Amino acid sequence: IISEKSGEISKSILEKANRGVTALPAKGMYTGQEREVVFCTVSAAEIVKIKKIIFDIDSDAFVIVCDTKEVIGKGFNNIG
């Protein structure tokens, strides 16, 4: 998720979807503008809710949705 409202989006995902987020520093090479990329892993069943949270805050947000083969960690699969 790339948005000028990354902090507000992150807070809303944490509170409304109970999912963790990670902010990664980034720089738009076209604009030269410093931003944050918000990274969030969710199940397929949660994606509609997450997109609604994002676009209710920033209708101009840039969102990339990728299928993932496996996620290991708290809230997802455990090793073993």
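## Getting started

Helices here are DSSP runs of H or I with at least four residues, strands are runs of E with at least two, and both are numbered from the N terminus. Serine 10, for example, lies in helix α1.

What you're looking at is a predicted model, where local features need pLDDT of at least 70, side-chain atom pairs count only at pLDDT 80 or more, and totals for chains, interfaces and linings use all residues. Residues are numbered from 1 along each chain as its sequence is written, and side-chain values use heavy atoms, with hydrogens and water left out.

## A closer look at serine 10

Is serine 10 buried or exposed? It counts as buried because its relative accessible area is 12%; buried means under 20%, exposed means over 50%, and partly exposed is in between (1.4 Å probe, protein chains only).

The side chain of serine 10 has a polar atom 2.8 Å from the backbone oxygen of serine 6. Setting aside neighbours within four places in sequence, serine 10 is in contact (heavy atoms within 4.5 Å) with Val21 and Val38.

## Three salt bridges

How many salt bridges does the structure hold? There are three, each one a side-chain nitrogen of Lys or Arg within 4 Å of a carboxyl oxygen of Asp or Glu. One of them joins the side chains of glutamate 4 and arginine 35, at 3.4 Å from N to O. That pair links distant parts of the chain: glutamate 4 sits in the segment before α1 (6-17), arginine 35 sits in strand β2, and the two are 31 residues apart. Glutamate 4 is exposed, at 64% relative accessibility, while arginine 35 is partly exposed, at 28%.

Another salt bridge pairs arginine 19 with glutamate 46, and their closest N and O atoms are 3.2 Å apart. Arginine 19 is in the loop between α1 and β1, and glutamate 46 is in the loop between β2 and α2 (47-57), so this pair ties together parts that are 27 residues apart in sequence. Both ends are tucked away by the cut-off for buried: arginine 19 has a relative accessible area of 15%, and glutamate 46 comes in at 19%. Then there's lysine 52 with aspartate 56, whose closest N and O atoms are 2.8 Å apart. Why are these two separated by about one helical turn? Because they are four residues apart in helix α2. Lysine 52 is exposed at 52%, and aspartate 56 is exposed at 56%.

## Out on a loop

Methionine 29 has its place in the loop between β1 (22-27) and β2 (34-39). With 72% relative accessibility, methionine 29 counts as exposed. From methionine 29 to lysine 49 you count 20 residues in sequence, and the C-alpha to C-alpha distance is 30 Å.

## The largest pocket

The largest pocket holds about 570 Å³ of space. By type, the lining divides into 17 nonpolar, three polar and two charged residues. In that sorting, Ala, Val, Leu, Ile, Met, Phe, Trp, Tyr, Cys and Pro are nonpolar, Asp, Glu, Lys and Arg are charged, and the others, Gly among them, are polar.

As for the term itself, a pocket is an open set of points on a 1 Å grid over the protein atoms alone, where a 1.4 Å probe fits, with protein on both sides within 12 Å along at least five of seven lines; lining residues have an atom within 4 Å of a point. The volume is the space filled by probe spheres set on the points.

How values were computed:
A polar contact is a pair of N or O atoms within 3.5 Å; within protein, one must be able to donate a hydrogen and the other to accept it, and residues adjacent in sequence count only if both atoms are side-chain atoms.
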